[in-house]
Amino acid sequence: MSTGAVAAPSADEVVLPTERQALRFWLKLGMISFGGPAGQIAIMHEELVERRRWISERRYLHALNFCMALPGPEAQQLATYVGYSMHGVRGGLAAGGLFVLPSFVLLCALSAVYAAYGEVAVVDGAVRGLGAAVVALILAAVVRIGGRVIRTPAALVLAGGSFAGFVAGVPFPALIALAALIGWCATRWWPALLGPPPAHGPAEPDIADPLAPARAPRRRGALARLGRTLVVWLVPVLALLLVGGLVADLAGLFTVAALVTFGGAYAVLPFITDQAVSGFGWLSTQDMVAGLALGESTPGPLIMVNTFVGFMAGWNLQGGLLWGLIGASIATFATFAPSFVFIINGAPLIDRIRTTGALAGALGGITIAVVGAIAALGLFVAEHALVVDDRPDWLVVALTLAAFVALWRFKVSVVLVVLACAGAGIVAATPW
């Protein structure tokens, strides 16, 4: 059997690549993974399932269901799972790490440019245009996700309650917990109340898949692995907390955020924005809008916005590039380390677990509440991007409408929309 990366096996055959072949693919994926989680999952499905046949269709979808039920970026977790299933812990670390690394390097570079030259008229104009792109992207996310999950009046009430709760200052983890409880109870006692939970494909494992045993260790080995991964994750976090000051605040905030990131990055961004801008004062609202736009227009998970926030916190509070990089590194580690722990320890169990029933109901309740949280984020950004000195910024309003139509009606690439809005802002800021 050929192990070439672009071999043409039969429809039922699964090919195990070499570690070098897999490594090249994960690096490529990290560089082209635009389009948010939906786009990233679609790219991996086309490349891993249809073209290369490194994993079966049913097992891929079953793993996706499991990752959707975990906190954290599901696309990055899915890549980690596939890497682990093929080459063990080393393969999982390579897949998940390279999914993030190119975005981390690019965002640090862009953050440094923004931090150093953000007061220049051209950069200020670009940020003005980026504000329009961000509002349009958030509006599109509300419409897209809301149309998929809000199917009953009760679901609409739950989303509206989440919106009101966030605007009123209810802690985000509390909103998530309450939504999960409502979804769980509805599934058990009133299944039609919120409508069926979002489906992501069949949940049965493909027992014919030659990789299906998924390297399941014995119980003693599993406990030892869990202990080692918890040490690698928690010891650095505890050390940073003991240091105190900015590094402790960064480690604490992004660890909490990583553990409540159900429903995608948009779900937790309102919490991050509120804490970073209003709570800790690490950066301004204008900075946060720029960070959201950079996160949308660079490869990798949208939650990489945390890298920008960490960089700006270090730059603004301690000063200089070194502290910016320290802040970005702490934010990125705290954001993604839990995902590796979940997948490395959970991968052997994925083929035995069905993400249906009460668990799916709880996830469905969270997803509905996320729509309200995203709308609250949109309101926050719109208040600062579309209004200047209590008057509408008509250029930004017009750009927002045009960007939304381009995204929603004509399916224009997110990167192109972001670049076009930034360009319009630069043109408007340039004296002629």
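Predicted model: local features only at pLDDT ≥ 70, side-chain atom pairs only at ≥ 80, totals over all residues.
Which helix gives the most to the lining of the second largest cavity? Helix α5 does, with three residues.

Residues are numbered from 1 along each chain as its sequence is written, and side-chain values use heavy atoms, with hydrogens and water left out.

**View 1. The second largest cavity holds about 40 Å³ of space.** A cavity is a set of points, on a 1 Å grid over the protein atoms alone, where a 1.4 Å probe fits but cannot get out. Lining residues have an atom within 4 Å of a point. Grid points are joined across faces, edges and corners, and a volume is the space filled by probe spheres set on the points. The lining consists of V134, L137, I138, Y266, L292, E296, L302 and L377. Both α5 and α11 give two or more residues to this lining. Helices here are DSSP runs (H or I, at least four residues), numbered from the N terminus. Seven lining residues are nonpolar, none is polar and one is charged. In this count, Ala, Val, Leu, Ile, Met, Phe, Trp, Tyr, Cys and Pro are nonpolar, Asp, Glu, Lys and Arg are charged, and the others, Gly among them, are polar.

**View 2. The largest cavity has a volume of about 100 Å³.** Its lining has 13 residues, with P37, P73, A265, P301 and L302 closest to the centre. Helices α2 (36–51) and α4 each supply at least two lining residues. The largest share, three residues, comes from α4. By class, the lining has seven nonpolar, five polar and one charged residues. In total, the structure holds four cavities of 30 Å³ or more.

**View 3. The second largest pocket has a volume of about 450 Å³.** A pocket is an open set of grid points with protein on both sides within 12 Å along at least five of seven lines. Of its 21 lining residues, L93, V232, F333, A337 and F340 lie nearest the centre. Two or more lining residues come from each of α4 (74–117), α8 (219–243) and α13 (321–350). The lining has 13 nonpolar, six polar and two charged residues.

**View 4. The largest nonpolar core has 97 residues.** Such a core is a set of buried Ala, Val, Leu, Ile, Met, Phe, Trp, Tyr and Cys residues joined through side-chain atoms within 4.5 Å. Buried means under 20% relative accessible area (1.4 Å probe, protein chains only). F172, F254, Y266, I272, W282, V309 and V381 touch the most other members. Helix α5 (residues 121–149) gives the most, with 15 residues. Beyond its neighbours within four places in sequence, V381 is in contact (heavy atoms within 4.5 Å) with V134, V135, I138, V289 and L292. A second, separate core of 30 residues includes I41, Y60, L64 and Y84.

**View 5. T298 sits in the loop between α11 (285–297) and α12 (305–317).** T298 is buried, with a relative accessible area of 4%. The T298 side chain reaches the backbone oxygen of L294 at 2.8 Å.

**View 6. S85 lies in helix α4.** S85 is buried, with a relative accessible area of 3%. A polar atom of the S85 side chain lies 2.8 Å from the backbone oxygen of V82.

Technical notes: Buried < 20%, exposed > 50% of the residue type's maximum accessible area, 1.4 Å probe, protein only. Polar contact = N/O pair within 3.5 Å; in protein donor to acceptor, adjacent residues only side chain to side chain.
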